[in-house]
Each structure stands twice: as structure tokens, then as C-alpha cells.
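Me: I have a new structure open and would like to go through it. Can you help me read it?
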Amino acid sequence: MASFSLTNLDLATPFLGQNLSGRLNRAKGKPFCALFRSPKCVLDTPYEGNVTKFPRIRVWDPYKRLGISTAASEEEIWSARNFLLQQYSGHERSEESIEAAFEKILMASFQHRKKTKINLKTRLKKQVEESPPWFKNLLNFVELPPTDVIFRRMFLFAFMGGWSIMNSAEGGPAFQVAVSLAACIYFLNEKTKSLARASIIGLGSLVAGWVCGSLVVPSIPSFLLQPTWSLELLTSLVVYVFLFLSCTFLK
């Protein structure tokens, strides 16, 4: 029977010696866990066992997933989203579930507002169509200019009003009213291409504003007004409003 003795192990065999020495040389400078193929080193393997998992990750309703009501405001939705992302930070599936619910709610809110806006326009159009003939004829004299035009003219007449208030102690607002009337006629002439019509509309707005101001201003309680504000000044402020409306929204 053949027997093997391990007491005098000879590594002089060329193949065995080269094989062992090569493995030892390759192992130098590597961590201990790198010498084994399986199992892998714990430091090289991602592990989420210590990260808290979002418990409502499989809830279908996005509102219930975020823990808010369907009547929650936009601020409450953002607060719930930020709080949950901070609480379950580090768990990728939880973060994806929270973000997906948040995006669904925002998209539904956007579609609802868009639908409401369209319905509002449809209702207004329907009410105009069902309105009396005199009201339709009145709307034929009104137009809606671009937003930048509205703001530019509003700034002009607001500046005139502020100028009149600042100079109220020195004198009346006659000069400011004259400048505002000239500006109103100029803007109307650009639209109507008729100086006569623009002048009639401008002067009519001036008279209407002055009469309305003379009737409304005395009914304002005195404690709401500055002692230096005269009846003429307050009436001129009403005139500026009428001039702004006529040169901006009238055809």
C-alpha cells in the first residue's frame, strides 16, 4: 500500500513551487478579504439594512402615500414631500416612491387648474352670448390690450397721482390733470386714428371722472384722509382712474 509522508515536504518540484510562490506574490499588498472569492467582503457590498424603509411605498393613492388630504394646499404638499425625503433619506426605493407621488399630485393639480380656466372662459363666453343686446353693443366698445401696455399706462397715471399728492401743499393738480388728459388723447388717437374722436372721449372721461369724484369724495370719512388733501386733489385722483380706463380699454 502506498503511503505519503508530510514531514519532509519538498517544494523542489518545479510546477508546485512556482504555482505557490506566484499566488503568494499576488496576495501581497491586498486586504485579507480579497484572498477569497466567496463570500464577498462586507466593505465592498452595498447594504441598506440599517436604513429606514418608507412603510407606504406600495400605497397606490399619492395623497395617502404622502399622508395628506386631497384638499391640502401646495405649501402642505411641499412640506410633506420634504419631510418624508429627509426622514427616509438613503433608501433609494423610498425616495423614488415619495417623488413619484409628489409628481402625480402636482400634475393632477395642474390639469385641474387648466380645466377650471377653460371652463371659466367657456362660461363667460356663454354668458356674453346670452346677455341682452344692449350689453353686447356695450362690449363692442371695449377691448383688452396686451399686459405690458396696461402696466405702462397704469404706471404713467399712478405717477401723475403721486406727483399731485406730493405737490398738494404748494398748489392744485391742474397741471398734472392737463398732462394726463393730453396723454389720454394721444393714446386714444393711436387706436382710433381720429383726433376728434380721441378728444371727445378724453374730455368725456375727464368730465365723468370729475363729476363722480365730486360725488364720492365727500362721503369718505375724514379720518381716512390726510388734513392737507383737498377736495380738488381727491377728485383729480378719481379723474386719473377714468382717464386710464378710457385710453386703455376703450376702442
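Reply: First a term: a helix here is a DSSP run of H or I with at least four residues, and a strand is a run of E with at least two. The model is a predicted one.

Me: OK. How much helix and strand is there over residues 172-188?
Reply: That stretch is 88% helix and 0% strand, with its end C-alpha atoms 26 Å apart. An unreviewed UniProt entry lists 172-188 under "transmembrane region", along with 200-221 and 233-250.

Me: And what about 233-250?
Reply: Residues 233-250 are 94% helix and 0% strand, and the end C-alpha atoms lie 25 Å apart.

Me: Switching to cores. How many residues are in the largest nonpolar one?
Reply: It has 18 residues, and Phe157, Cys184, Leu188, Leu206, Leu243 and Cys247 have the most contacts inside it. Helices H6 (147-166), H7 (174-192), H8 (195-216) and H9 (231-249) each give two or more residues to this core. H7 supplies the largest share, seven residues.

Me: What does Leu243 touch?
Reply: Leaving out residues up to four places away in sequence, Leu243 touches Phe157, Ser180, Leu181, Cys184, Gly202, Ser205 and Leu206.

Me: Now H3. Which of its residues are buried?
Reply: Ile77, Ala80, Arg81, Leu84 and Leu85 are buried in H3. They lie on the same side of H3, because they cover an arc of only 125° around the axis.

Me: Which exposed residues are on the face turned away from that side?
Reply: Glu75, Phe83 and Gln86 are the exposed residues carried there.

Note on methods
Residues are numbered from 1 along each chain as its sequence is written. This is a predicted model: local features need pLDDT of at least 70, side-chain atom pairs count only at pLDDT 80 or more; totals for chains, interfaces and linings use all residues. Side-chain values use heavy atoms; hydrogens and water are left out. A nonpolar core is a set of buried Ala, Val, Leu, Ile, Met, Phe, Trp, Tyr and Cys residues joined through side-chain atoms within 4.5 Å. Buried means under 20% relative accessible area, exposed over 50%, partly exposed in between (1.4 Å probe, protein chains only). Contact means heavy atoms within 4.5 Å. UniProt positions are given in the numbering used here, feature names are shortened, and annotations may be inferred rather than shown by experiment. The arc is that of the directions from the helix axis to the C-beta atoms.
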